[in-house]
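Hello,

Here is the structure I promised to send over. My notes follow below it.

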Amino acid sequence: MKEDLIAIETKFSAEIDGVDGLAALDDIRVAIFGKKGEMTAILRGMGGLSAEERPVVGQIANEVRAALEDKIKEKKSLLSKLEMDEKLSKEHLDITLPGIKREAGHRHPVAIVTEEICRIFMGMGYEIAEGPHVETEYHNFEALNIGKGHPARDEQDTFYVEGGKVLRTHTSPVQIRYMQNNKPPIAIVAPGKVFRSDEVDATHSPDFNQIEGLFVDKGIHMGHLKGALTVFAKSLFGDDIKTRFRPHHFPFTEPSAEVDFSCFGCGGSGCRICKGEGWIEMGGCGMVHPKVLAACGIDPDVYSGFAFGMGIDRIAMQRFNIPDLRLLFENDIQFLKQF
Ligand code: DAH
């Protein structure tokens, strides 16, 4: 057995000396000390020795084991160091390279313009109001003096949804909701999405964005409306901008008008942006119809008010010189990056 131990030491010492990789070194360790290793087999066999032989062989076995273990340990640290040196000589880090930039998100042009518009009206004392996208026909139509069978219902290409509700076709129902829950004086703007089953082209989309305005108090008249929208126009596009009001009809206002802003592109002389008109149509407005006030529990003999509704997408297109409405909805990252 002594001879066996010596043989093991000689054989494996040579193997360890000759090995040139960590994985191969570990294979040797297993061949010696593993479950089926040669050293393990010998230690197991020691039970069969006589009481005199056992301590003698045991001591040699311990010495051989310690010697081989030390040798493996030494070799392991040598090989690890060699591997690390090799790795370091191959890999190198250029700390002067620029870092990899992470792209941060930012606001959509429609959101930027919405915020700008709201800020202007907030500066004039208006509050921001909101309403649901899925509306009752009552809020979207009836309370706004658009009864059943009224031609304006067809004009608005309504999306009907389950439960007799509609996707709001304009932001005007927010007026109703606000007046039902608040007493005059009222000054609000309500931005948000609206929906119509429209064609999709350079100026039409089935969902787009409007901003509604409502101002109700005692003694409010058309002059207040013109003043508010003119201050708004100048704040948004600059002091040179003029406004123009053309008679129109809406069921929920009387009298009603459409409001145009002088073209910010050419100042009114006519250009590509205004298609030679010098004016750009911005939205509808008027004095809140007495029936609408009454439907919301506000006495039209005491109070009067004005309202307006404008397309936000159109304002964004003008503000950023965007030629096609669809660009605002496609969310092409190359396009959005420009804002
Ligand atoms: N709701 C109208 C539309 O979407 C726009 C509008 C016109 C709103 C006149 C108003 C208004 O508040 O007074 O076509």
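Helices (H or I, at least four residues) and strands (E, at least two) are DSSP runs, numbered from the N terminus. By that count, Pro255 lies in strand 8, residues 253–262. The bond joining Glu254 and Pro255 is a cis peptide bond, with omega about -5°.

Two notes on the source. This is a predicted model, in which local features need pLDDT of at least 70, side-chain atom pairs count only at pLDDT 80 or more, and totals for chains, interfaces and linings use all residues. Residues are numbered from 1 along each chain as its sequence is written, and side-chain values use heavy atoms, with hydrogens and water left out.

Now the backbone. A cis peptide bond also runs from Pro184 to Pro185, with omega near 0°. Pro185 sits in the loop between helix 8 (173–181) and strand 5 (186–195). Asn321 is not a glycine, yet has a positive phi of about 55°. Asn321 belongs to the loop between helix 11 (312–320) and helix 12 (327–330).

Next, the ligand. There are 15 residues around the ligand (near means a heavy atom within 4 Å). His170, Ser172, Arg196, Gln210 and Glu212 come nearest. The shell divides into 5 nonpolar, 8 polar and 2 charged residues (nonpolar: Ala, Val, Leu, Ile, Met, Phe, Trp, Tyr, Cys and Pro; charged: Asp, Glu, Lys and Arg; polar: the others, Gly among them). Strand 6 (207–217), strand 9 (279–288) and strand 10 (304–311) each supply at least two shell residues.

A polar side-chain atom of His170 lies 2.9 Å from a ligand nitrogen. For Gln175, a polar side-chain atom is 3.1 Å from a ligand oxygen. Ala307 places a backbone N or O atom 3.2 Å from an oxygen atom of the ligand. The protein covers 91% of the 360 Å² of accessible area that the ligand has on its own (Shrake-Rupley method, 1.4 Å probe).

Last, the helices. Helix 1 (residues 2–18) and helix 3 (residues 38–45) pack at about 165°, with axes 11 Å apart (axes are lines fitted to C-alpha atoms over the stretch in contact; angles run from 0 to 180 degrees between N-to-C directions). Helix 1 is therefore roughly antiparallel to helix 3 (angles over 145 degrees count as such).

Best wishes

Note on methods. Polar contact = N/O pair within 3.5 Å; in protein donor to acceptor, adjacent residues only side chain to side chain. Parallel < 35°, antiparallel > 145°, perpendicular 65-115°, else oblique.
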